[in-house]
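Reader: I'd like to learn how to read the packing and the aromatic pairs in a model like this one. Could you walk me through it?

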Amino acid sequence: MGVAAADYDGDGRTDLYVTNFGSNRLWRNLGGGRFEDATESAAADDPRWSVPATFFDYDGDGALDLFVANYVDFNLGSHTICTFGSGEPDYCSPKTYRAEPDRLFRNLGNGRFDQTTDRAELAAEFGNGLGAVPADFDLDGRLDLYVANDGTPNQLWMNLGEGRFENRALFAGAAVNGRGEAEAGMGVDAGDFDGDGDFDLYVTHITGETSTLYLNNGDGLFTDAGTVAGLDAPSLAMTGFGAGWFDFDNDGDLDVLAVNGAVRRLNRARSGAEAAARAAAVSDHERRFGQPNQLFRNLGGGRFEDVSALGGASFTAFEVSRGAAFGDVDNDGDTDVLITNNNGPARLMVNVVGQDNGWVGLRLLGGNGKRDALGSLVHVFLDDGRTLTRRVRTANSYASSSDPRVLVGIGAAGVEDIRVTWLGGAEESFGPLSTGTYHELRQGQASQ
């Protein structure tokens, strides 16, 4: 179903946690292109239907812990038969089945995990989990966790310290949409799109529901701002899965991508030459479920415009997209996207726009200097007065894992200073680093 990629054992190599319908797998990276199955020895399995997983250091001890969200209690031998209007088998609502509890594993630092869901108080509430993203939503220095659920209220697990969490989603305005309705949460990402230093949320939903932009008011409280932003109407006809904040044109403002593909069969009435051409060009699967992907440019002032046409043929194609992973594949200074499709080819979308603007790339290494400092904050101070805030993360989108490097577009501005707030609270300034290249920043080795 999905993957989380991070160095859980601190040896400098990226390991993989793969979620499945059934037992999950933790693949420990041995180097040299080889992996070993460490699921049992690490005590990291969950035999239920898991979808998203994320590594994050929730207790600040320097070791990456693991969160796994589960979907529904589904059994191939006794499942419910749901049908389309014509009587053909079709998608079943997640409400047809019982939701399954999520699971939190604490990293003990010796290659093993301890299942701490109950002690962390995450077992009290759960839904049909499909998306999960960690971030410090109330800016108290501790990583919180947001879980997007399919058809049930989302959770906003605020980190209380001492290994405990509290779900404040309903109070914070992030459990349901502005109309008070629980929606079909699929993909999710957290990013500071409005440049105010806190992290906002974008959650994709099913056809007939709008994807939701949760605007962070600065104290961990959110407002449904999708209508004002111009993101509601374009998403209404789509079933969104993978999603992410990224600055595709490197102007310093975070844009947003949603990749789409239906789960309910679509009725597309076409006539004449259009119908014949369409039938010849796509498979029956694409005809019934395919939808175009969407790219929205940040215009500033809390507004976006649909610029999907800039994405090329793979944005106008009717495919059944699911996962989306973000990273600079060709190291040219802009963010590329890998999109996976249900019953179709993967698409590597190579960015040919962003490299024309200014940028600075950063890889942050904390602790022993080997592990990516997931959760740490980067503040880039520009000579045009802007401060850009980014977080080191791999977990976002839908069941995907992205490049841990921080790529910051700066447009035509210059960099006056780069400051890092490491997870745990230590702050360092690395000065005005050169642009147009990547830098490796190690905790404790700053110039000041």
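Author: Let's go from the whole chain to the core and then to the rings. Keep in mind that this is a predicted model.

Reader: Fine, start with the big picture. How many helices and strands does the chain have?

Author: Seven helices and 33 strands. The radius of gyration is 21 Å, close to the 22 Å that the globule rule gives for 448 residues, so the chain is as compact as a globular protein of that length. Along its principal axes, the C-alpha trace spans about 70 × 50 × 50 Å.

Reader: And what share of the residues counts as buried?

Author: Of the 448 residues, 56% do. The accessible surface comes to about 17,600 Å², and carbon and sulfur atoms hold 50% of that. For contacts with a separation of 6 or more, 55% are between residues 24 or more positions apart.

Reader: On to the inside, then. Which residues of the largest nonpolar core touch the most other members?

Author: Look at Tyr 17, Leu 26, Phe 55, Phe 113, Leu 362 and Leu 364, out of 36 residues in that core. Several strands supply at least two core residues each, including β1 (2–6), β5 (50–56), β24 (358–366) and β31 (415–421). Apart from this core lies another, of 20 residues, with Tyr 146, Val 176, Val 188 and Ala 190 among them.

Reader: Take Leu 364. What is it in contact with, leaving aside neighbours within four places in sequence?

Author: Its partners include Val 378, Val 392, Val 420, Trp 422 and Leu 441, but also Arg 371 and Asp 372.

Reader: Now the rings. How do I describe a pair?

Author: You give the distance of the centres and the angle of the planes. This structure holds 18 aromatic pairs. In one of them, the centres of Phe 193 and Trp 245 are 5.2 Å apart with the planes at 5°, so the pair is stacked.

Reader: Where do those two sit in the chain?

Author: Phe 193 is in the loop between β13 (188–191) and β14 (200–203), while Trp 245 belongs to strand β17 (residues 240–246), so the pair ties together parts that are 52 residues apart in sequence.

Reader: Is Phe 193 buried or exposed, and what about Trp 245?

Author: Phe 193 counts as buried, at 5% relative accessibility. Trp 245 is buried too, with a relative accessible area of 4%.

Reader: Which residues form an aromatic cluster?

Author: Phe 21, Trp 49, Tyr 71, Phe 74 and Tyr 97 form one.

Reader: And which charge lies over the face of Tyr 438?

Author: That's Arg 405, at 4.3 Å from the ring centre. Likewise, the charged end of Arg 419 sits over the ring of Phe 381, 4.4 Å from its centre.

Conventions. Residues are numbered from 1 along each chain as its sequence is written. This is a predicted model: local features need pLDDT of at least 70, side-chain atom pairs count only at pLDDT 80 or more; totals for chains, interfaces and linings use all residues. Side-chain values use heavy atoms; hydrogens and water are left out. A nonpolar core is a set of buried Ala, Val, Leu, Ile, Met, Phe, Trp, Tyr and Cys residues joined through side-chain atoms within 4.5 Å. Buried means under 20% relative accessible area, exposed over 50%, partly exposed in between (1.4 Å probe, protein chains only). Helices (H or I, at least four residues) and strands (E, at least two) are DSSP runs, numbered from the N terminus. Contact means heavy atoms within 4.5 Å. Rings of Phe, Tyr and Trp (its six-membered ring) pair if their centres lie within 6.5 Å; planes under 30 degrees apart count as stacked, over 60 as edge-to-face and the rest as tilted. A charge sits over a ring if NZ of Lys or CZ of Arg is within 6 Å of the ring centre and within 35 degrees of the ring normal. The radius of gyration is taken over C-alpha atoms; the globule rule is 2.2 Å times the number of residues to the power 0.38. Accessible areas come from the Shrake-Rupley method with a 1.4 Å probe; for residues, only the protein chains shown count as cover.
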